[in-house]
Amino acid sequence: MKHHILLVEPMMKVIEDRLDEAYTVHRLYNPEEKQAIEAALPSIRAVATGGATGLPREWFDRLPALGVIAVNGVGTDKVDLELARARNVHVTTTPDVLTEDVADMGIALMLALLRHIPQGDRMVREGRWAKREPFPLGTKVHGKRIGVLGLGQIGQALARRAEAFGMAVRYWNRSLLDTAWVRHASPVELAEDSDVLAVCVAANAATQGIVNAEVLAALGPTGFLVNVARGSVVDEDALLAALKGGSIAGAGLDVFVDEPTIREEFFTAPNTVLMPHQGSATVETRVTMGEIVLANIAAYFAGEKPPTSVNSQMDKP
Ligand code: 8YV
């Protein structure tokens, strides 16, 4: 008999096919499965979910047999890790494999923002170029300072790319790292010394709203913000006010607090490039991520420790 698993958000078809082959998959996002899911709750032992979705707390109570939450991503901010540990539930992620793609997205947003790529594309398509409509000059990237907020794997990959573009790298990170890049003592000091502030910091209680009004004021009217981390690390009220008031030059954002529903003010905020959380979204990486999810769930059902469990101090396999 197949084990029951709960799929919280869709994955790639090739991965879902393999899940279907191995398990009875209950799709939480499919309203037609609501009743079947209610009936299956006591037998569901594994959950597969996205990093930005996680698993709401109340599901721990609804799933008494839960043993593993396999996150298809690196963020664990939407899973209560303490509760998981207390309940002896493994939480697994897909480390390493999405680093380069998220860093690419950070650079893509920066270039799109500073060189007006979305506006140019629109102008050409709408025939306005042929009418010789003037196009605003961009901002030179080469020679500018990039401040990387959070110098983990993604931050480092982004910093390496920025260096290749001729940018001077500085960073803020909670812990001191063995690197030649200049470290600033606080996010405010980093923003003060940056033309582009690239947010790569992991979301948790300590980093919630770390990019606040003070940091944005320090970035200043010629400074650009890029966020490929999580919406929650930026104070969106302060960001919208800074964009509207021109106290920062613009923002390139892949992530938002209440995504996929985002605040309507973002649609009209000046100098913004908005993406629907696509940092890790390449075919190659999503296949690799999916394989890690499959491996973690398979290991759990085989009675082994899931290979990329983040709560490794748990005593059971
Ligand atoms: C994914 C992510 O977009 O790694 C993360 O934490 O948020 C992203 O890689 C997401 O997990 C897919 O739903």
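**Close-up views of a predicted model**

**View 1. The shell of residues around the ligand.** The residues of this shell divide into four nonpolar, seven polar and three charged. In this predicted model, 14 residues surround the ligand, and the closest of them are E9, G51, N72, V74 and G75.

View 2. S280, by contrast, uses its side chain, a polar atom of which lies 2.8 Å from a ligand oxygen atom. Taken alone, the ligand exposes 330 Å², and the protein buries 92% of that area.

View 3. The domain assignment gives domain 1 as residues 4-97 together with 284-301, and domain 2 as residues 99-274. Their centres, taken over C-alpha atoms, are separated by 31 Å, while the contact takes seven residues from domain 1 and six residues from domain 2. Between them the domains bury about 560 Å², of which 34% is on carbon and sulfur atoms. A52, D77 and D96 supply 63% of the area that domain 1 buries against domain 2, more than any other three residues.

**View 4. Charged and polar pairs between the domains.** One salt bridge is counted between domain 1 and domain 2. D77 forms a salt bridge with R230, in which the closest N and O atoms are 3.1 Å apart. Five residue pairs are in polar contact between the domains, and the side of domain 1 that touches domain 2 has two nonpolar, three polar and two charged residues.

Note on methods:
Residues are numbered from 1 along each chain as its sequence is written. This is a predicted model: local features need pLDDT of at least 70, side-chain atom pairs count only at pLDDT 80 or more; totals for chains, interfaces and linings use all residues. Side-chain values use heavy atoms; hydrogens and water are left out. Domain bounds come from an automatic or database domain assignment. Contact means heavy atoms within 4.5 Å. Buried area is the accessible area (1.4 Å probe) that two parts lose on being put together, summed over both. A salt bridge is a side-chain nitrogen of Lys or Arg within 4 Å of a carboxyl oxygen of Asp or Glu. A polar contact is a pair of N or O atoms within 3.5 Å; within protein, one must be able to donate a hydrogen and the other to accept it, and residues adjacent in sequence count only if both atoms are side-chain atoms. Ala, Val, Leu, Ile, Met, Phe, Trp, Tyr, Cys and Pro count as nonpolar, Asp, Glu, Lys and Arg as charged, and the others, Gly among them, as polar. A residue is near a molecule or strand if one of its heavy atoms lies within 4 Å of it. Accessible areas come from the Shrake-Rupley method with a 1.4 Å probe; for residues, only the protein chains shown count as cover.
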